[in-house]
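Biologist: I'm new to this one. Can you put it on screen and walk me through a few spots?
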Amino acid sequence: MGDTGGDSNSTAPAMGDWDEIRIASMDFRTPASMFDYVDIKYGGTGSSGCINAAVNVDSVASRTFVTNSTFAATAGGVYSGAESKGIAAVYNSQFLSGTCGVSVYGGARAEIIGNTFGQSLTRALHASNPGKIRFWFNQTEEDVSVFNLGGPRPTRTLVDVRYNTLLGGVNGADTYDNHHSLDDWSGNWFGHDANAALPTCMDPAVAASLNPPVRTQASTVCPAGQQAVVGYRNAVVPALSASPQVLPEAARETAAPRFGPVNTYTGALTYQVQDLAVQDAGKQLTATRTYRSDRLAGGDAG
């Protein structure tokens, strides 16, 4: 947190100064890893690459939760390549600069809710052949890319991208063989009402640069230098007609970590006391009292 090298300004930190924090549990009984209110800077292998992330969730049983944290000058922020059973959950965090904010590969699962991805990133989300993903209520200044290589096009059932402010747009072009992009980008806000009618003709370069990009084709009825508008390049309508509302309370509470008996979102205290345990005829009878500070009336859990 300062001049730890003792050499004034002779050396400065940079992306890739250190490699990764690798979460590699192979046992589901291992507790989840939690990063809460953590500043993560200058990590990731080298200077580029979405998989070269500072936090690497890297096995089938790993469970990692990143909440209220900030990533800056990292080659990648959070990477999950945990195949079908691990999960990376990222809530209410900021990804300010680097290559990719969150990357999901090879069947990994992720829940990415209520985060901010800055314009100094190369890409906000990069998901290649992912498992189940929920990407909700995020604000992105750079593009979001979801695709399968050599497999069927991802559907919303598998990858749910909704309620986001996607100011950087979506990378939905099938740019090379076997690159099959997500088939449903609707239900997001693109900085304007994407439901409004498009013009009949446009300059193709201008159309391609819009957010979301517009597809055109040659036409003899359009003015010189313009082409006929076919529609948006990606399936983005019906879109949100205004910026999404505040993150739902249930999601905000999910993002608040639980350490011990205190719910850090509500401040409520919950504890239990077991008064009695009797073993009888092969069965065990127990009596337990539960106290919750947010339920002050008498009765069950009061």
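Modeller: We'll go through one phenylalanine, then the cysteines.

Modeller: This is a predicted model, so local features need pLDDT of at least 70, side-chain atom pairs count only at pLDDT 80 or more, and totals for chains, interfaces and linings use all residues. Residues are numbered from 1 along each chain as its sequence is written, and side-chain values use heavy atoms, with hydrogens and water left out.

Biologist: Where does F35 lie?
Modeller: In strand β2, residues 33-36. Strands are DSSP runs of E, at least two residues, numbered from the N terminus.

Biologist: Buried or exposed?
Modeller: F35 is buried, because its relative accessibility is 11%. Buried means under 20% relative accessible area, exposed over 50%, partly exposed in between, with a 1.4 Å probe and protein chains only.

Biologist: What does F35 touch?
Modeller: Leaving out residues up to four places away in sequence, F35 touches I21, I23, I40, V55, T64, F65, V66, T67 and S69. Contact means heavy atoms within 4.5 Å.

Biologist: New topic. How many disulfides?
Modeller: One, counting cysteine sulfur pairs within 2.5 Å. C201 and C222 form the link, S to S 2.0 Å. C201 sits in strand β19 (201-202), while C222 is in the loop between β20 (214-217) and β21 (227-232), 21 residues apart.

Biologist: Which handedness does the link have?
Modeller: Left-handed, with -75 degrees about the S-S bond.

Biologist: Are those cysteines buried or exposed?
Modeller: C201 is buried at 16% relative accessibility. C222 is buried too, at 11%.

Methods. Helix = DSSP H or I, 4+ residues; strand = E, 2+ residues; numbered from the N terminus.
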